[in-house]
Amino acid sequence: SPQVVWSMLGNRQFCSYKMTTKTQNFCRNEYNLTGLCNRSSCPLANSQYATVREEKGRCYLYMKTIERAAFPRRLWERVLLSKNYEKALEEIDENLIYWPRFIRHKCKQRFTKITQYLIRIRKLTLKRQRKLVPLRRKIERRENRREEKALIAAQLDNAIEKELLERLKQDTYGDIYNFPIHAFDKALQQQDAESESESDAEREEEEDDDDEDVDKREFVEAEDSELSDFEDMDKLETSSEEEQEEEEEVEKKASHSRSKGKAPLKGPARRKRPYIEIEYEEETEPNTKTKAA
Amino acid sequence: AGDGSGPVPGGGTSPPAPERVLFPPTFSVSEIKNKQRRHFMFLRWKQQQRKEKLALKKKRRKEREALGDKAPPKAIPKTIENQRVYDETTVDPNDEEVAFDEATDEFAPYFNRQTVPKILITTSDRPRGRTVRFCEQLATVIPNSHVYYRRGLALKRIIPQCIARDFTDLIVINEDRKIPNGLVLSHLPDGPTAHFRMSSVRLRKEIKRKGKEPTEHVPEVILNNFSTRLGHSIGRMFAALFPHDPQFIGRQVATFHNQRDYIFFRFHRYIFKSEKKVGIQELGPRFTLKLRSLQKGTFDSKFGEYEWIHKHREMDTSRRKFHL
């Protein structure tokens, strides 16, 4: 009898559907109406019981009566509820007529909750779904490793520098940069002996131009715009004489508080030269040592 | 067992090994059961190997010098690029068919200078700080680009609006766990859509020795190593992001370098120190891309016609085969 069942399962002995927490006891039985472990909500301890469950978007009313207690296979009777909310409520009332109030009320509440979450599911599926693609660890690791190796093999800085120098040679930059040596080589290729004297004259002319430009530039710098900085840097760099560059830079730094813009640009450029020289020196030493030994 | 010769080592530091260590022929270092001793013997064996290798090298070098001019040329070391499996879709620069294709594909209006690129950059839903900052930096790097906040809008609805407002390209940066990890690049008026996996994203502040901020000048574009037909189309996609006429005054260059199917993006400022030397300084964000799929029309994941999809099981099997 149900009272005995409840006195065993509910209070004293073990019920596998029961989950205890600090404040409450829950019932994990799939036919449970409220989800709590109570005398009135336990599907095992009540011989007359009903629930509402949904399957694939349709709601069903499940009923259990004493008459069928001996036939576990036919124990739960299932009734399909209509899709219309009000009609379904009426159907629940019809089927559970003369049943205890508690069960009827809880069934309707549960049915309401279920329809609400079904509506929400339908709304969400219309919006954009985020597709979760699982990462495969092995593949991720492999790709990361290959990327690192590709990066090393790429030698990006060298490649970019080469490409830029190629473009300089191909004259894509036109007249912006004029390197006298470059012009010298080009002239050599076209004509032979006459070109040498011509290019010397050009160089001298260019030196004069640069001097004049320096004087002019000192006036212009006072305007303090970034663009002019870069342009001036350009014109600076194109002169082949290093002494001239250094003089001009010293002057500029004295006259110009904004030299910070130049220093970092020069930084990596400057750093590159001493590095290269040092390497050459080290390489020759061990050779000499072994030869001596 | 093991130790056929030489002093038996007592502990970690031991007397220096003799010049020639004779091991009985059937001896192997791995047979010694004692770990310390085994380790020691292994180190000695290693030293010996190194010495032999050095001696061999010296001998070869001496022979080489002795022969002088008659020496055989140095052997070229094998690299993965050398050993790459020949791809039949490699583009020949003189290929007419490819030239014709390129004159009539979706980028033709760009390359004929009929359209000016205008780019929309957006993210996936609810982007985190890093992604937002990355988008902003990307917008400074690509001229004529706008960042828009994605408010849960569907791409299929965004695209017609973009086309109506004259955008030529759409970039969507996908985010996962607070880092950007995917990029969808779609050429708008009906153009191809490429989906990339993005990795090692570095924002400007994480780059060492960076310069000032990129200016508004139109940068130059360098596309390296896009050799196959597929690589060509991807390269053109990237080129179509930037306006045709770079402003050389700005001295900025954006590089897309393809190496073994990884596309490295870098943004530099360069300066010619002499006609044979150029200095570059990295500004701007950097990231690497790996192509996952190329789709013919605009973004449509369900019904799109895919030109190329990366399939792990088939395409990752050979280490010498690359597709871009």
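Me: Which residue forms a salt bridge with B:Glu282?

Reply: In this predicted model, the partner of B:Glu282 is B:Arg286, with the closest N and O atoms 3.0 Å apart. A salt bridge needs these atoms within 4 Å, so the pair qualifies.

Me: Why is B:Glu282 called buried?

Reply: The relative accessible area of B:Glu282 is 9%. Buried means under 20%, so the label applies.

Me: What makes B:Arg286 partly exposed?

Reply: B:Arg286 has a relative accessible area of 24%. That value falls between the limits of 20% and 50%, so B:Arg286 is partly exposed.

Me: How do you know that B:Arg197 and A:Glu143 meet in a salt bridge?

Reply: Their side chains come to 3.2 Å, N to O, and the cut-off is 4 Å, so the pair counts. This pair crosses between chains, from strand β5 of chain B to helix α4 of chain A. Both residues belong to a network of salt bridges that also includes A:Glu140 and B:Lys290.

Me: Why do B:Arg197 and A:Glu143 count as buried?

Reply: B:Arg197 has 10% relative accessibility and A:Glu143 has 6%. The limit is under 20%, so both are buried.

Me: What does the salt bridge between B:Arg113 and B:Asp245 tie together?

Reply: The two side chains meet at 2.9 Å, N to O. B:Arg113 lies in the loop between α3 and β1 of chain B, and B:Asp245 in the loop between α6 and β7 of chain B, so the pair ties together parts 132 residues apart in sequence.

Me: How many salt bridges does the structure hold over all chains?

Reply: The total is 16.

Key: Residues are numbered from 1 along each chain as its sequence is written. Chains are lettered from A and ligands numbered from 1 in the order in which they are written. This is a predicted model: local features need pLDDT of at least 70, side-chain atom pairs count only at pLDDT 80 or more; totals for chains, interfaces and linings use all residues. Side-chain values use heavy atoms; hydrogens and water are left out. Helices (H or I, at least four residues) and strands (E, at least two) are DSSP runs, numbered from the N terminus. Buried means under 20% relative accessible area, exposed over 50%, partly exposed in between (1.4 Å probe, protein chains only).
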